Amino acid sequence: APSKPPEVAPAPPIKEPAKVIPLRSGAGELLANIYVEDRNMRVIPEADKKFDTSTPPFEAFLIDKVLVKMRDTDQEAVRRGELMPDEALSFDVRTDGKIIREVLIRNVTPQRERELRSAIRWTLEKMYEKTRGS
């Protein structure tokens with residue numbers, strides 16, 4: 001085979017590799033993986049898990065009580081000039097129809113990472129119990 005020159009990509013800036021945190025149910029079933037990179041958290045449900053955005057407690061707890069509350073706290077801090085706008089927490093839920101493909105949370109501080117991790121795990125576990133029950 002003719003050897004073609006290796007493609008040289010520009011060297012990316014050195015940064016921490018993504019930390020992968022598997023989220024398991026009480027029974028040890030893998031529900032999702034959280035990828036933490038820089039200050040972003042990506043929650044990617046396992047391919048065989050169908051988490052529907054309408055399954056409680058996703059909207060009522062994880063979105064409204066946890067994420068929206070953190071976002072509002074940060075927006076308030078931005079208004080008071082204590083935080084730069086690009087440091088404020090923000091999030092996106094990517095879905096395929098109503099099935100959650102990814103929850104992306106930006107500007108997660110280390111102290112929030114723990115809180116988010118446990119909130120997400122608890123939420124997914126509850127959702128999984130509901131879907132398994134039906």
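Let's start at the hairpin of E1 and E2: 5 residues sit between the strands, and Gly 28 there takes a positive phi near 90 degrees. This is a predicted model, where local features need pLDDT of at least 70, side-chain atom pairs count only at pLDDT 80 or more, and totals for chains, interfaces and linings use all residues. Residues are numbered from 1 along each chain as its sequence is written, and side-chain values use heavy atoms, with hydrogens and water left out.

**The overall layout**

- The chain has 2 helices and 5 strands, where helices (H or I, at least four residues) and strands (E, at least two) are DSSP runs numbered from the N terminus.
- Read from the N terminus on, the elements go β-β-β-α-β-β-α.
- Out of 134 residues, 37% are buried; buried means under 20% relative accessible area, exposed over 50%, and partly exposed in between (1.4 Å probe, protein chains only).
- Among contacts with a separation of 6 or more, 53% are between residues 24 or more positions apart, a contact being heavy atoms within 4.5 Å.

**The sheet**

- The 5 strands make an open sheet in the order E1-E2-E3-E5-E4, with antiparallel pairing; two strands pair if DSSP finds at least two bridges between them.
- E1 and strand E4 (90–96) are at the edges with a single partner strand each, so one side of each has no neighbour in the sheet.
- From one strand to the next, the twist averages 15 degrees; axes here are lines fitted to C-alpha atoms, for helices over the stretch in contact, and angles run from 0 to 180 degrees between N-to-C directions.
- Helix H1 (residues 58–79) packs on the sheet, where it touches E4 and E5, and its direction makes about 150 degrees with that of E4.
- Strands E1 (residues 19–24) and E2 (residues 30–37) run antiparallel and are joined by 6 bridges, with Leu 23 opposite Ala 32 in E2.
- Strands E3 (residues 40–45) and E5 (residues 99–106) also pair in the antiparallel sense, over 3 bridges, and Met 41 stands opposite Ile 105 in E5.

**The nonpolar core**

- The largest nonpolar core has 28 residues, and those touching the most other members are Ile 34, Met 41, Leu 67, Ile 105, Leu 116, Ile 120 and Leu 124.
- A nonpolar core is a set of buried Ala, Val, Leu, Ile, Met, Phe, Trp, Tyr and Cys residues joined through side-chain atoms within 4.5 Å.
- H1 gives this core its largest share, 7 residues.
- Leaving aside residues up to four places away in sequence, Leu 124 touches Leu 23, Leu 31, Ala 32, Val 43 and Phe 51.

**Salt bridges**

- There are 14 salt bridges in the structure, each one a side-chain nitrogen of Lys or Arg within 4 Å of a carboxyl oxygen of Asp or Glu.
- Lys 19 and Glu 113 meet in one of them (3.1 Å, N to O), linking strand E1 to helix H2 across 94 residues.
- Of that pair, Lys 19 is partly exposed at 43% relative accessibility, while Glu 113 is buried at 12%.
- Arg 42 and Glu 102 form another (2.9 Å, N to O); Arg 42 lies in strand E3 and Glu 102 in strand E5, so parts 60 residues apart in sequence are tied together.
- Asp 92 and Arg 106 also form a salt bridge, with their closest N and O atoms 2.4 Å apart.
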